[in-house]
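Visitor: I would like a close look at a single part of this structure. Please keep the explanation plain.

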Amino acid sequence: MESILELSSITKSYGKIKALQNVSYQVPRGSVFGILGPNGSGKTTMLGIVLNALQSDSGNFTWFGQPGSPATRQRIGSLLETPNFYHYLSAVDNLKITQAISHRGNEADIHKALETVKLTERKHSKFSTYSLGMKQRLAIGAALLGNPEVIVFDEPTNGLDPVGILEIRELIKELASQGKTIIMASHLLDEVEKVCTHVAIMKRGTLLTAGAVDEVLANEDIVEINGNNNEGLKRLFTNYTGVTQVKQHGDHLQLFFTFGTANLEAINQHCFNNGIVLNHLLLKKKSLETKFFELTND
Amino acid sequence: MSLIKIEWLKIKKYPAFWWMLGIVALTYPGVNLLFYNVYQQLTTKKDFTSTIAKQLFGNPFAFPETWHSVAFFSSCFVIVPAILVIMMITNEYQYKTHRQNVIDGWSRNQFITSKILDVAIIAIVASIMYAATATGYGLTVKDDNTAKWSEEIKYIPLFVLQTFAQLTIAFLLGFLIKKAFIALGIFVFYFAIVENIIVGFLGFKKIAAARFLPLEVSDKLIPGPKFFGRFNEEGYKLSLSQINEHIVYTIVLTVAIWALCYYIYKKRDL
């Protein structure tokens, strides 16, 4: 698949602190690419470098197969870290500046973008009078201005209320369905899991893993079972072929297999042959949260 | 052209810009009116002192001397547009729009070029105010030399250059310090006190290096009005003869400052 963004060995230090160490990955065209990591993992630094707000110490990157430049940035709608606007100007006047610099869209698109983020009623109010959520929505509106083919969101739901969060999630899904490439840094695992097709997990400036969500999460099969005798079930599967671990998880028992080796039919048959009737049998994907903590915990 | 358009979008609804314009519009004629009134009081009485004063001062507010005198008095108030220049660059840091402009598609060089345009626009606006004030006095105050109205008109471009050069220094402070009040404090303190003390001290010790101090380099573009020569003819003639030299020094210093800004901005994390 064609890459929209390709990073190669990006390294960045602040004095003795290594903010990024040899980070390399590719963002496929049309993907919703989530960048996950705890605070200080280097997510924003990495986005800052590819948007030319920060300088890397070494390594390089390309957008659309070309080295990063003003022309490539004009094709990208970006919200990096905080909403950055002229406080004394209205939403419309601020977006006029965004439009003039990026050459994306026209006057009509400005009003359309403000309508998308539900700021039409306050579009002539000064930015300084906006609430935190409204500022965030204006920044999202600026990123959407002129329908760019790539959108970069750094913590897009910051400052939004639950309804706003839901609206942004739906907006991201809608943009993805239009074939746009969305790169989104977040520490909200649930948010990323719900909308992303690809994910990169970072910790202390290092890339731990990157790839399609299914591939990243599916390095193990987890089979959840429940029956009338869970103690018996536990004993039954302790030495079962292919099981790497048996765990009690609430009312259920979880059996861990190497990826792609769990056979639900055989498990069911094994239980039945040993006199236990199952009332719950489910092949589960590992949740992103589980995977995240597994990777990022020391 | 597109950079000017974008900067105009930023400036035109910035209240401080219009306040500055209003203050300059009042300050430049106002301060000259003050000196004019003093001049009138000294010269209009029909006694011996007035006659002496008139011979001593000439007519600094009539054509063509008005271009020179008004430029000199107005240049003492470069602090007003300097406040605006410092606020305009420190606002970009405060609002983080300096990084957003680059993220949205400007090159880092374009950002600095846009700031040169800001400083140029402000210098030109201040110069228009000066030229209008000088013209106003020239038309009002009649003298035998009125026919030679254009003789000292070179002070208009010299005022533009001096204002641009001194506002460039104000910009550099705002650019490096990033905090409006600290940058303003340092500029005012240096402009009003430090450099004057150094210039005075070095002048007293007859050390010529004083004229190469950052603001003094361009201060030398507009020496005191003609009547200053009555007090120290030799020194005044020297000042006049050094103007062309100082045009070169001022341009070199100003270009060097902007080159430094380009270099720093290219290397800096935003």
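What is the mean pLDDT of chain B, and what share of its residues reach 70 or more? After that, please take me through helix H11 of chain A, residues 288-296.

Guide: This is a predicted model, and the mean pLDDT of chain B is 90, with 99% of its residues at 70 or more. For the complex, the predictor gives an ipTM of 0.86 and a pTM of 0.85.

Now to the helix. H11(A) covers residues 288-296, and its buried residues are Leu288(A), Lys291(A) and Phe292(A). Viewed down the axis of H11(A), these buried residues fall within an arc of 100 degrees, so they line one face of the helix. A residue counts as buried here if 20 or more other C-beta atoms lie within 10 Å of its own. The face turned away from the buried side carries Glu289(A) and Phe293(A), which are exposed.

In chain A, 25 residues are in contact with 23 residues of chain B. Helix H2 (70-73) and helix H3 (91-102) of chain A each supply at least two residues of the side that touches chain B. H3(A) gives the most to that side, with seven residues. By class, the side of chain A that touches chain B has twelve nonpolar, ten polar and three charged residues.

Conventions. Residues numbered from 1 in each chain as written. Chains lettered and ligands numbered in written order. Predicted model: local features only at pLDDT ≥ 70, side-chain atom pairs only at ≥ 80, totals over all residues. Buried ≥ 20, exposed ≤ 12 C-beta atoms within 10 Å, placed from the backbone. Helix = DSSP H or I, 4+ residues; strand = E, 2+ residues; numbered from the N terminus. Arc of directions from axis to C-beta. pLDDT = per-residue confidence, 0-100. Contact = placed C-beta atoms within 7 Å. Nonpolar A, V, L, I, M, F, W, Y, C, P; charged D, E, K, R; others polar.
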